[in-house]
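Me: I have a structure open and want to learn how to read its features. Can we take them one by one?

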Amino acid sequence: MGMATVKFLVRNLINDIERVPAIQVYGRVSGVQGLLLEAGGIQRTLSVGDRCAVVARDGRRVVCEVIGFRQGRALLMPFSAIEGIGLGCRTEIQDSDPVIFPENGWLGRVVNGFGEPVDGLGPLPSGDTPRLIRTPPPPAHSRARVAGKIDLGVRAVNTFLTCCRGQRMGIFAGSGVGKSSLLSMMARNTSADVSVIGLIGERGREAREFIEDDLGVEGLKRAVVVVSTSDESPLMRRQAAYVTLTVAEHFRDQGLDVLCMMDSVTRFAMAQREISLSAGEPPASKGYTPTVFAELPRLLERAGPGAGKGSITGLFTVLVDADDHNEPIADAVRGILDGHIVLDRSIADRGRYPAVNILRSVSRTMPACNNDEENALVRRARSLLATYEDMAELIRLGAYRRGTDPMVDEAIHYYPLLDSFLSQLKSDATTLPDCYTRLAEILDMPFTGDGMGRR
């Protein structure tokens with residue numbers, strides 16, 4: 001065994017020893033209902049958010065979180081299965097706060113909601129500084145301004161929805177419209193220093209496919225992936241979202257530009273809804289409890305510029321229910337973030353990917369981040385797309401006769417070229433300068449006005 005390996009093991013052992021509490025306080029399980037446990041004898045020493053460990057009949061220790069109190073008893077929700085837990089099981093208080101110890105050696109690794117490795121590649125290096133998984137964002141007055149473009153490698157986003165370092169964007173779409181594919185393109189092609197990807201409530205099969213096929217070896221080298229699959233407890237799914245932002249903050253505080261991607265915020269909200277309903281909180285809009293809408297800004301505001309040079313550019317997917325973009329979670333998230341990218345099922349159905357609906361999407365940092373020439377290109381292209389979409393039904397039915405309206409004739413000429421420009425394979429990457437160059441080439445193609453364009 002090499003000296004470096006010995007030092008690594010000793011350092012991890014010392015960190016583990018330092019985390020062992022000096023005394024042990026415990027109580028007993030006094031009730032079990034669904035996924036909720038009630039514990040007595042320790043309620044006066046606990047507060048909401050504290051951790052306990054319940055010792056099951058088979059000796060298994062089930063970590064739980066305090067989510068409330070009822071009739072003088074603490075309400076606990078477990079992070080794992082509760083089989084083997086019954087009345088009288090020992091409940092031990094964990095004195096340490098919920099923290100992780102991120103380190104730069106986490107790059108290229110896949111971890112769970114506890115910051116533990118799940119990729120089968122051995123133990124993770126442990127950082128020297130503990131980081132609370134739930135922290136407030138930097139004060140607004142001390143944060144740097146959002147500035148400087150970030151290259152995401154996707155033509156539709158780079159040109160029409162340009163993002164800046166520290167911006168927070170939502171990706172809104174129904175199921176199966178290409179959210180994960182769009183995220184993988186951005187993760188592989190971004191100009192950011194580090195990517196932190198949170199797969200929250202993801203299908204177990206798709207989690208591995210995303211890591212191996214979509215993200216790939218090159219994308220994983222400079223990324224940390226946090227995974228919590230749909231079969232895990234709501235606490236684990238919620239905690240994985242918090243850990244994703246905590247890892248991103250670790251790299252941001254080193255002065256790095258971090259691209260933080262989360263798929264999806266909707267499943268985080270669903271997990272919080274399950275927790276709140278179990279604690280007895282009354283449902284509000286579509287079954288979502290008030291706590292859900294309080295937790296969303298606390299999570300999303302953690303992304304953004306830091307107090308120093310580093311930044312977290314956030315891309316958060318929102319799974320819209322029944323393609324309703326005004327459902328409660330989509331509406332709440334849209335009001336928090338700095339822009340939204342809408343993926344349209346009708347565009348995906350006709351085979352154009354990524355299925356970004358340019359006219360329904362917006363980046364709130366544009367046009368301030370572009371120069372006058374770039375803004376002029378984008379305005380003209382948007383105008384052509386809007387004109388075509390206004391007349392699309394008449395054009396497809398053959399009811400529009402060319403020559404009736406010169407603006408519509410021009411839009412009909414340029415629309416196939418713009419639509420082809422917006423279409424992009426997952427393996428294809430286009431830099432920011434090339435995006436504007438290619439768009440300018442398309443719009444510089446002369447239009448004769450007689451319904452026939454020439455190159």
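Me: How far apart are the end C-alpha atoms of residues 165-348, and what share of the span is helix and strand?

Reply: This is a predicted model, so keep that in mind throughout. The end C-alpha atoms of residues 165-348 lie 29 Å apart.

Me: Next, helix packing. At what angle do α10 and α12 pack?

Reply: The general idea first. Two packed helices are described by the angle between their axes and the distance between the axes. Here, α10 (residues 372-390) and α12 (residues 406-422) pack at about 105°. Their axes are 8 Å apart. The angle therefore makes α10 roughly perpendicular to α12.

Me: Which residues of α10 and α12 make the contact?

Reply: From α10, R380, A381, L384, L385, T387, Y388 and E389 take part. From α12, the contributors are M407, V408, E410, A411, I412, Y414, Y415 and L418. By class, the contact of α10 with α12 has 11 nonpolar residues, 1 polar and 3 charged.

Me: Now pockets. How much space lies in the second largest pocket?

Reply: Rolling a probe the size of a water molecule over the atoms shows where empty space is left. In this model, the second largest pocket holds about 380 Å³. Its lining counts 20 residues. Nearest the centre of the pocket lie G176, S180, E202, R203 and E206.

Me: Which helix gives the largest share of the lining of the second largest pocket?

Reply: That is α4, with 6 residues. Both α3 (179-189) and α4 (204-221) supply at least two residues each to this lining. Sorted by class, the lining of the second largest pocket has 11 charged, 6 polar and 3 nonpolar residues.

Me: Last topic, the backbone. Which peptide bond is cis with omega near 10°?

Reply: Most residues other than glycine have a negative phi, and most peptide bonds are trans. The bond from D263 to S264 is cis, with omega near 10°. S264 sits in the loop between β13 (257-263) and α6 (265-278). The bond from Y353 to P354 is also cis, with omega near -5°. P354 belongs to the loop between α9 (345-349) and β17 (362-363).

Me: And what is the phi of Q71, and where does Q71 lie?

Reply: Phi of Q71 is near 50°, a positive value in a residue other than glycine. Look for Q71 in the loop between β4 (61-70) and β5 (73-78).

How values were computed: Residues numbered from 1 in each chain as written. Predicted model: local features only at pLDDT ≥ 70, side-chain atom pairs only at ≥ 80, totals over all residues. Heavy atoms only, no water. Helix = DSSP H or I, 4+ residues; strand = E, 2+ residues; numbered from the N terminus. Axes fitted to C-alpha atoms, helices over the stretch in contact; angles between N-to-C directions. Parallel < 35°, antiparallel > 145°, perpendicular 65-115°, else oblique. Contact = heavy atoms within 4.5 Å. Nonpolar A, V, L, I, M, F, W, Y, C, P; charged D, E, K, R; others polar. 1 Å grid on protein atoms, 1.4 Å probe; cavity = no way out; pocket = protein on both sides within 12 Å on 5 of 7 lines; lining within 4 Å. Points joined across faces, edges and corners; volume = space filled by probe spheres on them.
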